[in-house]
Amino acid sequence: MREELGKPMKLRPSGFLSGSVKKRTIKHNLIALSFLSPWLIGFIGFVIGPMIYSFYLSFTNYNMLQEPTWVGLDNYIRIFTNDPLFITSLKVTLLFVVISVPLKLLFALFVAMLMNMGHRGSGFYTLLYYIPSIIGGSVAIAVIWRQIFGREGALNHVLGNFGIEGYNWFSHPDYAIWVLILLIVWQFGSPMVIFLAGLRQIPTELYEAASVDGASRFKKFFSITIPLLTPVIFFNLVFQMINAFMTFTQAFLITQGGPVNKTLFYALYLYREAFTNYRMGYASALAWVLLVVIALATFLIFKSSKKWVYYESEGGKG
Amino acid sequence: MDNRKSKRASIIYHTFIIGFGLLMLYPILWMAVSSLKPEHEIFLNSASLIPSEIKWENYVQGWSGFGKYGFDLFFKNSMIVTSLSVVGALFSSSLVAFAFARLKFKFQGALFACLLATVMLPMQVTLIPQYILFHNLNWVNTFLPLVVPAFIGGSPFFIFLMVQFIRGIPRELDEAAIIDGCSWYGVFWYIILPLCKPALVTVMIFQFMWTWDDFLSPLIYLQDTNLYTMALGLRAFSDPDNLTAWGPLIAMSTVSLIPQFILFLFCQKYLVKGIATTGIK
């Protein structure tokens, strides 16, 4: 590998740096640097730098008008001991994650299995079922959701036909969060496609052998499909969970965190602290707590994966 | 006998899938149909998907927007932001991915680990310091905070996707070119890039979909109504405090989704493949 890197380069005069091996290595590093530079600038200037600054800010009070003032651990102490909205938003978000993610994955798996039954037209159907995932996060869908689940909306009209009187669903304390969960579960397209790819990798011989042994469909599902699909389930679980923790737009537009803070998602609370109240220091501390919560949840899933994720020698999807 | 049974199973299957699919797509169909209904009918018989007459008035009224701001302006702004971001994403992801997939350099492993770590990083952590940074650069109320990040690898996901793709291209091709005296820049431009077309299309689609949809960044960075994107315009239009007519609002919601639909129709092949191989979103 090393040798071919040393062949003369067109863009620079050959002989320019073609002396020792060391010089060649430097040259290669420089070429690599030129390719990497867009990302390196972004990584240092927009990720690492801001993270360090944000960590510093989390120990200050800063309203963007005066210079930040150092307050030590005050922000963190207040978060954990004296901020009922933090507790509320964390509870709301955890509830949302714990309900919406498994529902979404179950739904995605169910539909993926339907698509994998070998009937004609499944490619077309997959696309059809994917549509909500493309546009589900848009303002337009939020507008439509508000109408459909409103007092005079489509849902209540349907219920009215059965003599049931509905509510203004998204402003009812018990149902508001379910309106949002439904919206998120509705966008089950990408886990579905990933499940489908996983299902297609399961060798059909396994099912045939099980059939010969007289295994029921039920048995095959739990003894072949699910175990071989665990790496994909694991992957979907981690990604959907991280996404669910960051849910913002829907709550901001549809329920505005209400009623009585029943849908005050963590990301929404953080946004308000930062961009409505301009408490940049406090909001930075909130962001770091969120990062720790997400890291902890991810760590727990990784840790538990040794118990339930099945890896074939080295196969499976990463 | 057996044949008849499988035929019946097939009919049940298709009926179920289509019926269920229609239920899934109901909100979208409802939106498209309601945008053509006369205003008073939207609430009168709101669940129905059949308008008594087709009216284009909602579109005409909606397109003219509110105050002196029309949706032509918001549409144009969205187009500018989205197309620049797409160019940026293609530029940065292909260059950086080439380095990771083909070159050997110092700290390669560590840097790749950094890249992967940022894929999982919640954006909330960098949101506030980035805002302060852009504020200090006087970039608030310009398109720069929405566009520049794409040019400097703002979506590590895309880089990762491209790395995976380039690794699948046989190395013999670039080795032969190098022996023929081609530079690494030449290898990138003449050999790898043309072969990356499917991956580049995938990057383009996702960057387009996400930027077009994006709400949080425009919300934070664009306060001047002249700069509003479709998402912000629609939100201002739908503000419960000065709620305008539902008809035009639903019509403009429909319009806001049209570019995504067109892209979806033309590129669905790449889209589904892209998700299956990378697990995007």
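How much of residues 146-166 of chain B is helix and how much is strand, and how far apart are the end C-alpha atoms? In this predicted model, that stretch of chain B is 81% helix and 0% strand, with 28 Å between its end C-alpha atoms.

**Annotated spans of chain B**

- An unreviewed UniProt entry lists residues 12-33, 79-103, 110-134, 146-166, 187-210 and 245-266 of chain B under "transmembrane region".
- One of these spans, residues 187-210 of chain B, is 96% helix and 0% strand, and its end C-alpha atoms lie 31 Å apart.

**Contact between chain A and chain B**

- The contact between the two chains draws on 76 residues from chain A and 73 residues from chain B.
- On the side of chain B that touches chain A, helix 14 of chain B (residues 246-278) supplies the largest share, with 11 residues.
- That side of chain B is made up of 48 nonpolar, 19 polar and six charged residues.

**A helix pair across the two chains**

- Helix 14 of chain A (residues 280-308) packs against helix 6 of chain B (residues 124-136) at an angle of about 155°, and their axes are 8 Å apart.
- Because an angle over 145 degrees counts as roughly antiparallel, helix 14 of chain A and helix 6 of chain B are roughly antiparallel to each other, and their crossing is left-handed.
- From helix 14 of chain A, the contact is made by Met280(A), Ala283(A), Ser284(A), Ala287(A), Trp288(A), Leu290(A) and Leu291(A), while helix 6 of chain B brings Gln124(B), Val125(B), Ile128(B) and Ile132(B).
- The residues of this contact comprise nine nonpolar, two polar and no charged.

**A helix pair within chain A**

- Helix 14 of chain A also packs with helix 11 of chain A (residues 217-245), at an angle of about 170° and with the axes 11 Å apart, which makes these two helices roughly antiparallel.
- On the helix 11 side, Thr230(A), Phe234(A), Leu237(A), Val238(A), Met241(A), Ile242(A) and Phe245(A) meet residues of helix 14 of chain A, namely Ile294(A), Ala297(A), Thr298(A), Ile301(A), Ser305(A) and Trp308(A).
- The contact of helix 11 of chain A with helix 14 of chain A has 10 nonpolar, three polar and no charged residues.

**Domains of chain A**

- Chain A is assigned domain 1, covering residues 2-57, and domain 2, covering residues 74-308.
- Taken over C-alpha atoms, the centres of domain 1 and domain 2 of chain A are separated by 41 Å.

Terms used
Residues are numbered from 1 along each chain as its sequence is written. Chains are lettered from A and ligands numbered from 1 in the order in which they are written. This is a predicted model: local features need pLDDT of at least 70, side-chain atom pairs count only at pLDDT 80 or more; totals for chains, interfaces and linings use all residues. Two residues are in contact if their C-beta atoms, placed from the backbone, lie within 7 Å. Helices (H or I, at least four residues) and strands (E, at least two) are DSSP runs, numbered from the N terminus. Ala, Val, Leu, Ile, Met, Phe, Trp, Tyr, Cys and Pro count as nonpolar, Asp, Glu, Lys and Arg as charged, and the others, Gly among them, as polar. UniProt positions are given in the numbering used here, feature names are shortened, and annotations may be inferred rather than shown by experiment. Domain bounds come from an automatic or database domain assignment. Axes are lines fitted to C-alpha atoms, for helices over the stretch in contact, and angles run from 0 to 180 degrees between N-to-C directions. Angles under 35 degrees count as roughly parallel, over 145 as roughly antiparallel, 65 to 115 as roughly perpendicular and the rest as oblique. A crossing is left-handed if the near helix is turned anticlockwise from the far one by less than a right angle, and right-handed if clockwise.
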